[in-house]
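I am opening a page for this structure.

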Amino acid sequence: MLSFPFRLLLVSTLFFLSHQTVDDATVHVLQSWKFVDFLYPSEEARSVARQQRQYTPEHVVILDSDWYFSPDTAQKRIFVTTPNFRSGIPATLSEVTRERNGDGPLLRPFPSWDSASQTTCEGPVSVYRIHIDRCGLLWALDTGRVETFTNPRRACRPKLVIYDLKNNDRIIARYEFPDGPVNDRSNLASIAIESYQNDCRDSVAYIADPNTYGLVVFNLTEKSSYRVNHNFFHPFPHKGTITINEVSFDLMDGIIGLTLSPPTDNPRKLFFHSLASVRESWVPTTVLRNRTLIENASLARSEFFISEDVREGQSIQEVMTDDGILIYSLLPKMAIACWNSAKPFKKENQHIIYQDSENLQFISGLKLKDNKYLLITTSRLQNYINGDLHNEDVKYRMIVIDDVEQLLQGTPCKRTPNGGKMLSAKHKQPPRHGRSF
Ligand SMILES: *[C@@H]1O[C@H](CO)[C@@H](O)[C@H](O)[C@H]1NC(C)=O
Ligand SMILES: *[C@@H]1O[C@H](CO)[C@@H](O)[C@H](O)[C@H]1NC(C)=O
Ligand SMILES: *[C@@H]1O[C@H](CO)[C@@H](O)[C@H](O)[C@H]1NC(C)=O
């Protein structure tokens, strides 16, 4: 349970709806929505869209968000995703505008209304998650699947589209995943990016496919991709039921949470976990990037690690700070927790840093910006899945913790007796066979 005293600050502006402090860090609700609405060219256009069922407000779910601070205009541009879970989603990727209706800020489809209303596979079809990197590149991972909750099917090939927000949102890459890396049941849902050069053009993306239990490695220079398979990408059946705020649902998803250890870590690792799981895994990225090694299953198998111990519940997204502290959602606890990766992944080395049973219902997005701001997106998806959304409830929130260092101060995650050395995967090799999860 949360041990911090909560202090409520009575501050309210357009962009910061409310503030709380958790120790010295401040928690802002940056944006919130009861229902999601769009900036239509006219009121008439909106009512036509509603009549023709191109826009059904109660079907639109905000799943993920990210922001870009534009040095030119000194303004923050905020982007959100609204996946094609059901019919009546006018756009799947949008920018948050300063226009509002009663329920929250209106969304402007990104890159344009035109691209959103196309019936071809050219524009965004169903984006679950986005990532805006330090170079101002917006990576939009498009599942290509439509009506996931009602009549799931692949309408278009999954694709990755990269927009350069520093250069008029120009598209610098548009890549359709071929068969092999993906198949027709794939649902590319999460992305982590590794890059070392100043312009980020050397990037490699690691992409989770929780439906078919695979990881796709995409090389931006080559515009090529391949698939990695491993047992640790699978779900654990007895963790397939998730309960949030007394609502239970089943989700037998595999690999979903992905994040990289700091660039200084040697070897750098990809941390990951399945949704129906309470364990954490990792693999050196040198292994993932070595295709020869990956193609030899017996060689690659032993390079992956999984924690012997568990976390307190299922998790979706996770991020890692520059000093190797993993920050992850804990869905059933309606909380954000931390673990110092220099220590074993044991209960005593994990710690809840923020818990809120109102604001943190179904944490579906998590970003760490500039190693300082923790951006949390919550979506009450448990109610959406079970069909009991309430009109008056705030269902979608973007929450910012400023800053994460302060939040971690004084927690077990910050105390590192061995000087903060990263966990050495080689010395933590767990048993790989005969375990019941
Ligand atoms: C991506 O492909 C390029 C061109 O083949 C190669 O030089 C580079 O090493 C690859 N990047 C990574 C990180 O594997
Ligand atoms: C890739 O892995 C193979 C097999 O372990 C190894 O022989 C080779 O040196 C590795 N390549 C690179 C670039 O690390
Ligand atoms: C995989 O690597 C092992 C060990 O180096 C080697 O003996 C085996 O022939 C390789 N298998 C394939 C299919 O290349």
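**Entry 1: strand S4.** The model is predicted. I began with strand S4, residues 64-70, and looked up burial. Five of its seven residues are buried, so the rest of the structure largely encloses this strand.

**Entry 2: the partner of S4.** I then looked up what S4 pairs with. Strand S5, residues 75-81, lies antiparallel to S4, and seven bridges link the two. The hairpin formed by S4 and S5 has four residues between the strands. In that hairpin I found Ala 74 with a positive phi near 55°.

**Entry 3: the sheet with S8.** Next I traced an open sheet of four strands and wrote down its order as S8-S9-S12-S13, with antiparallel pairing. Which strands are at its edges? They are S8 (127-132) and S13 (170-176), each of which pairs on one side only.

Strand S12, residues 159-164, runs antiparallel to S13 and is joined to S13 by six bridges. Here I noted Lys 159 opposite Glu 176 of S13.

**Entry 4: the sheet with S20.** I traced another open sheet of four strands, with antiparallel pairing in the order S20-S21-S22-S23. Its edge strands are S20 (255-260) and S23 (305-306), and each of these pairs on one side only. Strand S22, residues 281-284, and S23 are antiparallel and share two bridges. I looked up the partner of Trp 282 and found Phe 305 in S23.

**Entry 5: ligand 1.** Which residues surround ligand 1? I listed Val 204, Asn 219, Thr 221, Glu 222 and Arg 289. Sorted by class, this shell holds one nonpolar residue, two polar residues and two charged residues.

**Entry 6: confidence.** I left the pLDDT for the end. The protein has a mean pLDDT of 90, and 90% of its residues are at 70 or more. Residues 1-16 have pLDDT below 50, and I noted 19 contacts for this stretch in the model beyond near neighbours in sequence. Residues 418-437 also have pLDDT below 50. For that stretch the model has 23 contacts beyond near neighbours in sequence.

Technical notes. Residues numbered from 1 in each chain as written. Chains lettered and ligands numbered in written order. Predicted model: local features only at pLDDT ≥ 70, side-chain atom pairs only at ≥ 80, totals over all residues. pLDDT = per-residue confidence, 0-100. Contact = placed C-beta atoms within 7 Å. Near = placed C-beta within 6 Å. Nonpolar A, V, L, I, M, F, W, Y, C, P; charged D, E, K, R; others polar. Buried ≥ 20, exposed ≤ 12 C-beta atoms within 10 Å, placed from the backbone. Pairing = 2+ DSSP bridges.
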